[in-house]
Amino acid sequence: MNLKAALITVDYSRNLVTAEGRADSTGKVRDRPLFKQGSQNYQAGRIDYNLKSKRGRITDVVTQQGEGFVHAETIKKNDRNELFGVRGRYTTCNLENPHFFINASKMKVIPGEKVVTGPFNLVIGDIPTPLGFLFGYFPTPKATSGLRASSFPHSGRLPTGASSCAMAATIGRPTNTLGCV
């Protein structure tokens with residue numbers, strides 16, 4: 001575990017570590033907390049972490065999950081390293097204010113596996129679209145290299161749907177898509 005921030009407070013009686021950034025003369029927050037645990041990094045506005053239970057509460061957080069980024073108003077981390085976010089955004093855009101994202105009222109993140117959301121809608125250029133669904137499931141696989149062959153049953157008739165999918169090449173980074181014709 002590694003923690004960097006402008007202000008770090010340790011309360012030994014409650015086993016609680018609190019980290020916050022500091023506002024400069026213009027009011028912009030500098031030296032926001034950066035929490036590293038294993039391969040996971042969390043950039044946040046404020047972090048409260050219980051050393052004994054290994055649970056934490058992180059506000060104004062940004063973390064990378066696979067090829068995507070999770071932004072959330074508040075995330076709670078449990079002892080199994082699962083994250084539960086409120087008013088979150090999931091995107092593949094690496095900017096602080098992404099151009100496009102999935103906007104969800106709540107989400108669950110299992111690092112290295114998946115991001116699951118409640119009701120969501122797609123936002124493009126800060127304009128909410130009517131595109132959405134009651135839930136979202138976004139796999140966040142670990143990076144792999146090589147070729148992955150797709151095996152779908154073929155009935156001998158004209159290819160339809162998933163049976164016409166080809167091989168997906170993964171060179172240096174994961175892919176969740178198959179080339180379909």
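Ile-8 lies in strand β2, which covers residues 7-11, where strands (E, at least two residues) are DSSP runs numbered from the N terminus. This is a predicted model, in which local features need pLDDT of at least 70 and side-chain atom pairs count only at pLDDT 80 or more, while totals for chains, interfaces and linings use all residues. Residues are numbered from 1 along each chain as its sequence is written, and side-chain values use heavy atoms, with hydrogens and water left out.

Ile-8 counts as partly exposed because its relative accessibility is 38%; buried means under 20% relative accessible area, exposed over 50%, and partly exposed in between (1.4 Å probe, protein chains only). Together with Val-10 and Tyr-12, Ile-8 forms a nonpolar patch on the surface, and the three have about 320 Å² of accessible area together. Such a patch is made of residues with over 30% relative accessible area and no salt bridge, with nonpolar side chains (Val, Leu, Ile, Met, Phe, Trp, Tyr) joined within 5 Å.

From this patch we can turn to charged side chains. The structure holds seven salt bridges, a salt bridge being a side-chain nitrogen of Lys or Arg within 4 Å of a carboxyl oxygen of Asp or Glu. In one of them, Asp-24 meets Arg-30 at 3.0 Å, N to O; Asp-24 is partly exposed because its relative accessibility is 26%, and Arg-30 is partly exposed with a relative accessible area of 41%.

Glu-82 takes part in a salt bridge with Arg-80 at 3.2 Å, N to O, and Glu-82 counts as buried, at 11% relative accessibility, whereas Arg-80 counts as exposed, at 60%. Glu-82 also forms a salt bridge with Lys-108, with the closest N and O atoms 4.0 Å apart. This second pair links distant parts of the chain, since Lys-108 is in strand β12 (residues 100-110) and Glu-82 is in the loop between β10 (68-77) and β11 (83-91), 26 residues apart.

Leaving aside neighbours within four places in sequence, Ile-47 is in contact (heavy atoms within 4.5 Å) with residues including Leu-3, Val-17, Phe-35 and Ile-58.

Terms used
Patches are made of residues with over 30% relative accessible area and no salt bridge: like charges are joined within 9 Å, nonpolar side chains (Val, Leu, Ile, Met, Phe, Trp, Tyr) within 5 Å. Accessible areas come from the Shrake-Rupley method with a 1.4 Å probe; for residues, only the protein chains shown count as cover. Helices (H or I, at least four residues) and strands (E, at least two) are DSSP runs, numbered from the N terminus.
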